[in-house]
Amino acid sequence: MVRYPIDNVTDDMVLAESIFLPTGELLLAAGFHLSERFRTRLKQLGIMEVGILVEGTEEVIPERIISEHVQREMAIALNKGAQNLHHVFEVRTEGVQNFRKMVRENRHHLNAYLNSTGLARALEKLLDEILNSPSVLVNVAAMRRAGGELFSHAIHVATISLCIGRKYHFSYDEMKQLAMGAINFDLGLTAIPRELIEKNGAYTPEELALYQQHTVYGYLMLSQNPSIAPTSAAIALQHHECQDGSGFPRGMKGENRPPLKDFSRKKVIHRFAEIVAVADTYDMMVTGRLGNKLSTQEAMKKIIEMGGVKLNSDIVKTFAAIVPVYPVGTMIRITEAPSPLLVGYYGVVAKDNPDNIEKPLLLLYETRNRQKVKPPIVVDLAKHSGFGIEVIT
């Protein structure tokens, strides 16, 4: 299987993996030919990459951080539980000061979502899958978009945050608190007018001030529920705070320390919020929510540059160690090779190298002229030097 940008897919290409709607219903089954009509529909759903069956790459299967079933269950739980919150809590400029009152008056709607068995069960399954996985490598490309853009982003952020938490050997209770806060870190956006969230272009000062209130709204929505730990609610409030104090809503600072328990830390960004900030920023970059969609390499370069200033540098270092530079399933092109004949060949990242995530195993399946290579040429970058590759996006 090779992950193709949807714009590079042609009518003769065959889908390698099934695609499901946010409701869990099957949209397109594996083996389906992707005609232009269906490609247009996928783009409308925000699906910009698909797995394509390419002869010789049948054994290339991107390892998922979480199973497709759990991801769909999570999306359904979020969609079902939060579908009325926009209507109940949407705030206009004249209602900002009354938000606490709105939360009190509508807490039964809010808690019906926060206390739903569907959400709790989905979070538990998400956590169990991450804790029981034999390895922790973050491949966002292998995670399906589910439940709409906002819900997909929440699922990605929660998953990445838990992977980071596992690397720090958090306890099960800490992981549960991190999971609840991370999946609801942007809950306050349900109280922001849709047209503001979906606006293309720069915000006016008034619009920016209203948008930034979503962190406070999310905190108020979570903290009123006694079953939600204060540490979980702190994620919603502080995930836009920066290490140098330039964030919002309070301009808090961080200390760039490992996110371990330390009760001596006062008036600094909570460690869980620092983790979610890294996960949120990375997913925004690689999914294109910040504008131009960045490759894994481009996103990680920016994340590393932000470490110590905007993001916690220790968390960034830990995160970089679990993000494959070239995720399995990624289409690549050879730019340099010991043999000039291989320059320009197309291939796929077939397998991660846990000992060196910058040196994966490749399968080259097409020449520079797009002629099939049968069988594909195996190139182990860990054993052969002199290769240069570029990602096809």
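Modeller: Here is a walk through that helix pair, the core around it and some rings. Keep in mind that this is a predicted model, where local features need pLDDT of at least 70, side-chain atom pairs count only at pLDDT 80 or more, and totals for chains, interfaces and linings use all residues. Residues are numbered from 1 along each chain as its sequence is written, and side-chain values use heavy atoms, with hydrogens and water left out.

Let's start with helix α13, residues 271-287, and helix α14, residues 296-306, which pack at an angle of about 145° with their axes 9 Å apart. Helices here are DSSP runs of H or I with at least four residues, numbered from the N terminus. Axes are lines fitted to C-alpha atoms over the stretch in contact, and angles run from 0 to 180 degrees between N-to-C directions. From α13, the contact uses Val278, Thr281, Tyr282, Met285 and Val286; α14 brings in Thr296, Ala299, Met300, Lys302, Ile303 and Met306. Contact means heavy atoms within 4.5 Å.

Now look at Ala277, also in α13. Ala277 has 8% relative accessibility, so it counts as buried (under 20% relative accessible area; exposed is over 50%, partly exposed in between, with a 1.4 Å probe and protein chains only). Leaving aside residues up to four places away in sequence, Ala277 touches His239 and Leu311.

What about the core? The largest nonpolar core has 77 residues, and Tyr282 and Ile164 are among those with the most contacts inside it. Such a core is a set of buried Ala, Val, Leu, Ile, Met, Phe, Trp, Tyr and Cys residues joined through side-chain atoms within 4.5 Å. Ile164 touches Ile275, Val278, Ile315, Phe319 and Ile322, again not counting residues up to four places away in sequence.

Finally, the rings. The whole structure holds six aromatic pairs. In one, Tyr168 and Phe170 have ring centres 6.3 Å apart and planes at 25°, so they are stacked. Rings of Phe, Tyr and Trp (its six-membered ring) pair if their centres lie within 6.5 Å; planes under 30 degrees apart are stacked, over 60 edge-to-face and the rest tilted. The charged end of Arg271 sits over the ring of Phe170, 5.4 Å from its centre (the test is NZ of Lys or CZ of Arg within 6 Å of the ring centre and within 35 degrees of the ring normal).

Note on methods: Helices (H or I, at least four residues) and strands (E, at least two) are DSSP runs, numbered from the N terminus.
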